[in-house]
Amino acid sequence: MYTKLSLLFLFCVLSIAGLQAQKSFVTRNGQISFVATNDDDVSAVNNEVASRITTNGQITFSLLIKSFFFQYAEMQDHFNSDYLQSNTYPRSDFKGNITNIQSVNFSKNGIYPVTVQGNLTLHGITKPITVPGTIEVANNKIIAKARFTLLLSDFNIHADRVAKKVAIQFNCTYQ
Amino acid sequence: MKKTLKYFLILVVVVAIAATGFVVYVYNKPHRNVAKEKAVTLTAEQLYHAFKDNEQQANQLYLDKVIELTGRIAQIATNQQGQTVIDFNTADSMVTINCTFKNKPPNIKVGDSVHFKGICTGYIPDMNVVMNNGILVE
């Protein structure tokens, strides 16, 4: 009986230690920008991306469509009202996993190549995506970067007159 | 024949001027000026509760609107583009009102209660209500 109790106690201690070992890094002001692949003038940046990475490999981000800043105000208006309908779909969310998280050493500075797999919700449509990126560990700070291309029609965004594809650049510094 | 050509030339000139005007307008249309827009007045707490309780309704009320708020500063930071970002406390210690300012407001520190306005771009559950183009209101 006594041994059983001590085993249970040991188990509890280990589980709690395990939970604590799973650290998470957060930012409320990460950066995502995009540029139309056929026209450099069509570009915007969002500096209000909320994102979280946990050391077990989970990665999520959320951004608000209205937080994209275009150099040209007129373009920003069309983007919101005509193409993204940001009153109806104000937010985009991503939830996924770093498939090779075991190759990232969060306690050792370095740049680690990663593959991220997950579901992206944009314009009311959820699609699985897989993108390559890097995780940089720099003195307790984490910097995640990725570049990938989205086909707008995959997300029911019809902006053919302006762009069919956009190159996305993900660049978030976490604390 | 000569008359037709004259009208045609006039038409070309008019179209060219209109097209130029349109392009100039599109490229020079100014971004919104928060200082000049009429604002909806609230407290940081009220704004947070509106989104927490009913996001859809709050979106209809506040999305894209200039909001004037009073809030207590929880954190002052700089975003990746060097702009000043201030987080304001809400009733939930995990959730803030996150406002990116146009310029760094002078003489402010964590704990101060400040009066400001900005454009509300929406809500990210469990994280923050997002505002940008922030300016202090005297």
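This is a predicted model: local features need pLDDT of at least 70, side-chain atom pairs count only at pLDDT 80 or more; totals for chains, interfaces and linings use all residues.
Residues are numbered from 1 along each chain as its sequence is written, chains are lettered from A and ligands numbered from 1 in the order in which they are written, and side-chain values use heavy atoms, with hydrogens and water left out.

Let's start with chain A. It has two helices and nine strands, taken as DSSP runs numbered from the N terminus (helices are H or I, at least four residues; strands are E, at least two). Read from the N terminus, the order is α-β-β-β-β-α-β-β-β-β-β. Of its 175 residues, 45% are buried, meaning under 20% relative accessible area, with exposed being over 50% and partly exposed in between (1.4 Å probe, protein chains only).

Now for the pockets. A pocket is an open set of points on a 1 Å grid over the protein atoms alone where a 1.4 Å probe fits, with protein on both sides within 12 Å along at least five of seven lines; lining residues have an atom within 4 Å of a point. Helix H2 of chain A gives the largest share, five residues, and helix H1 (2–28) of chain B is among the elements supplying at least two. By type, the lining splits into 28 nonpolar, three polar and four charged (Ala, Val, Leu, Ile, Met, Phe, Trp, Tyr, Cys and Pro are nonpolar; Asp, Glu, Lys and Arg charged; the others, Gly among them, polar).

The second largest pocket comes in at about 580 Å³. Of its 27 lining residues, Phe69(A), Gln76(A), His31(B), Asn132(B) and Asn133(B) lie nearest the centre.

Finally, zoom in on Asn119(A), which is in strand E6 of chain A. This residue is partly exposed, at 39% relative accessible area. Its C-alpha atom is 5.6 Å from that of Lys95(A), though 24 residues separate the two along the chain. Beyond its neighbours within four places in sequence, Asn119(A) contacts Asp93(A), Phe94(A), Lys95(A), Thr126(A), Lys127(A) and Pro128(A), a contact being heavy atoms within 4.5 Å.

Conventions:
Grid points are joined across faces, edges and corners, and a volume is the space filled by probe spheres set on the points.
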